[in-house]
Amino acid sequence: MFDEDDLREIRQERERWEDDTLDPVLDAHGERKDRFATVSNHQVDRLYTPDDVAPEDFDEDLGFPGEEPYTRGPYPTMYRGRTWTMRQFAGFGTAEETNERFKYLVDEGQTGLSTAFDMPSLMGLDSDDPMSLGEVGKEGVAVDTLRDMEILFDGIDISEVSTSFTINPSAIVIYAMYVALADEQGVPRDQIRGTFQNDMLKEFIAQKEWVIPPEPSVDIVTDTIEFAVEETPKIYPVSVSGYHIREAGSTAVQELAFTLADGFAYVEAAEERGLDVDDVAPLLSFFFNSHNSVLEEVAKFRAARRIYANVMGERYGAEKPESKRLKFHTQTAGQSLTAQQPLNNIIRVTLQAAAAVMGGTQSLHTNSYDEALALPSEEAVRIALRTQQILAEESGLADTADPMGGSYAVEALTDEVEEETMAYIDHIAEMGDGSILDGVLRGIEEGYFHREIQDAAYEYQERVDEGEEVVVGVNKYTSGGDADDTEILKVEDEVSDRQLARLESVKEERDDDRVEETLAALDEAIQNGENTMPYVIDAVKAYATMGEIMEVYEAEHGSYTETASVA
């Protein structure tokens, strides 16, 4: 965008500015600290000029919103057409309580539903499993059978709402329940809308929730992708998630690199199944974290779109624009929330949400200020939602596409993030002898991702402990605002009793012979290498439980224990 003569003149002018204007001020007053860096430890320069982004090619590197490489946004009008989907995470207790919270959020102006599940459901266990004791309904809603799903969406027309489900090892069961619910409501399968997280690779990398080993887990994910292509084209069967990678302690670059690598791995798994990249890629969505360093986060989101467009076109031969247009959901950074002075979290969340908006997110969850203490209270949820609404209606950030585009600082950071991310992706491909899928699986097996994230988390905590990284209310400005002053939501133990009673009732009323038939058919499908999704739908319609279905997979594939490894 600037020729060499322009850049030479800018460099000369910068040297003059440093000598005449900057140095006298530094000599007299200095600067407030010796080191300026992002949360991920990216060094931030004092000043950025066009020289920092040269040689930038406008068409190849930036372009226009809605056109390759989508750096400036996936759609031409961005939020002037419609704002991002405000999708607040909700789920606790039994299906009745969560149904009430869903309806409350919709009444308050939420534009999409997002479902949190309790730990037994996440791990594919029934509420009456001994391992579920003390966990039923505590960190999300308990779902054991289709009966729970029916109650969860009672009074909610699923043809009119888009729903997100944050669940992974047992995602195929929840997906099957949602399809079965659509069949019950008379909603055509090709009309239901929603997203299933269903990202097992990131589970082995970061969140550590699994039932069976990595390779068969990827096979199940591929079953859902294939089913979505054929039956539910408005469902995103996988939301490739960097959120939990960042929550585990990664840097922004590691979050982006490992997430995109996982996404490319699923594309390769689908291609091995015989699916066409232009059928698969439009059904993939992504899920990122938004942390405190606003400029770095904006740069990360912009770099993500550019990398994805380039790799999907050049490496995988995608031709449809929709196959190269990265779409993502964002959640503000849970690990940034503090139990100390919890009201400070409202400000953190606002900055993180603004970064996501300036970075062009398609949907957004804003964390509640009390989530470092418990599941969010109704008041805290309302404030979190109002944060998004104020950003959309009052801030002006939704009025123009790519509001940070052209900032020398943001463009330079975008280039840096892209370069460092691609170095990681290339290394992962090398580990797989050219296959990103094989590279990711090998990295999981050898503990590569674990070590990279662990080292980054350790270095960050060292900076916090030494006071180099300031966390307001924790290692600086620590007076006032105790957590004891905050009223928190408490899930009563009687929730478990109600859930167990419903599960027992379902088991008494169902046709056990039909259950056994559907589970046997599922087992045979696994052995024959068939797509298992239709068989899971049959099983949930017979009111087979979550645990009964997942036990069939585990019996065939075995369980998985992570092997500790050292560098």
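I take buried to mean under 20% relative accessible area, exposed over 50%, and partly exposed in between (1.4 Å probe, protein chains only).

**Set-up.** I am working on a predicted model, where local features need pLDDT of at least 70 and side-chain atom pairs count only at pLDDT 80 or more, while totals for chains, interfaces and linings use all residues. I number residues from 1 along each chain as its sequence is written, and side-chain values use heavy atoms, with hydrogens and water left out.

**Entry 1: Glu548.** I started here. Glu548 sits in helix 22, residues 546–557. I count helices (H or I, at least four residues) and strands (E, at least two) as DSSP runs, numbered from the N terminus. Glu548 is at 19% relative accessibility, so it counts as buried. I then looked for polar contacts (a pair of N or O atoms within 3.5 Å; within protein, one must be able to donate a hydrogen and the other to accept it, and residues adjacent in sequence count only if both atoms are side-chain atoms). The side chain of Glu548 has one with the side chain of Arg510, at 2.8 Å. A polar atom of the Glu548 side chain also lies 2.9 Å from the backbone nitrogen of Thr545. For contacts I use heavy atoms within 4.5 Å. Setting aside residues up to four places away in sequence, Glu548 touches Asp126, Arg510, Val515 and Leu519.

**Entry 2: Tyr543.** I checked the loop between helix 21 (533–541) and helix 22, where Tyr543 is placed. Tyr543 is not a glycine, yet its phi is positive, about 70°. Its relative accessible area is 18%, so Tyr543 is buried.

**Entry 3: helix 10.** I looked up two residues here. Glu268 lies in helix 10, residues 252–272. Its relative accessibility is 9%, so Glu268 counts as buried. Beyond four places in sequence, Glu268 touches Arg315, Tyr316, Ser435, Ile436 and Leu437. I also checked Glu226, which is 42 residues from Glu268 along the chain; their C-alpha atoms are 13 Å apart.

Gly263 is in helix 10 too. Gly263 has a relative accessible area of 0%, so it is buried. Leaving out neighbours within four places, Gly263 is in contact with Val240, Leu284 and Phe286. Asp199 is 64 residues from Gly263 along the chain, with 8.9 Å between the C-alpha atoms.

**Entry 4: from helix 2 to strand 1.** I found a cis peptide bond from Glu68 to Pro69, with omega near 5°. Pro69 is in the loop between helix 2 (58–62) and strand 1. Met78 is in the loop between helix 2 and strand 1 as well. Met78 has a positive phi of about 45° and is not a glycine. At 9% relative accessibility, Met78 counts as buried. Thr85 belongs to strand 1, residues 85–86. Thr85 counts as buried because its relative accessibility is 10%. Its side chain makes a polar contact with the side chain of Arg82, at 3.5 Å.

**Entry 5: whole chain.** The chain has 22 helices and 10 strands. Of its 567 residues, 57% count as buried. The C-alpha trace spans about 85 × 55 × 50 Å along its principal axes. Among contacts between residues at least 6 apart in sequence, 77% join residues at least 24 apart. I counted Lys and Arg as positive and Asp and Glu as negative, without His and the chain ends. There are 46 positive and 120 negative side chains, and the centres of the two sets lie 4 Å apart. I placed each charge at NZ of Lys, CZ of Arg, CG of Asp or CD of Glu.
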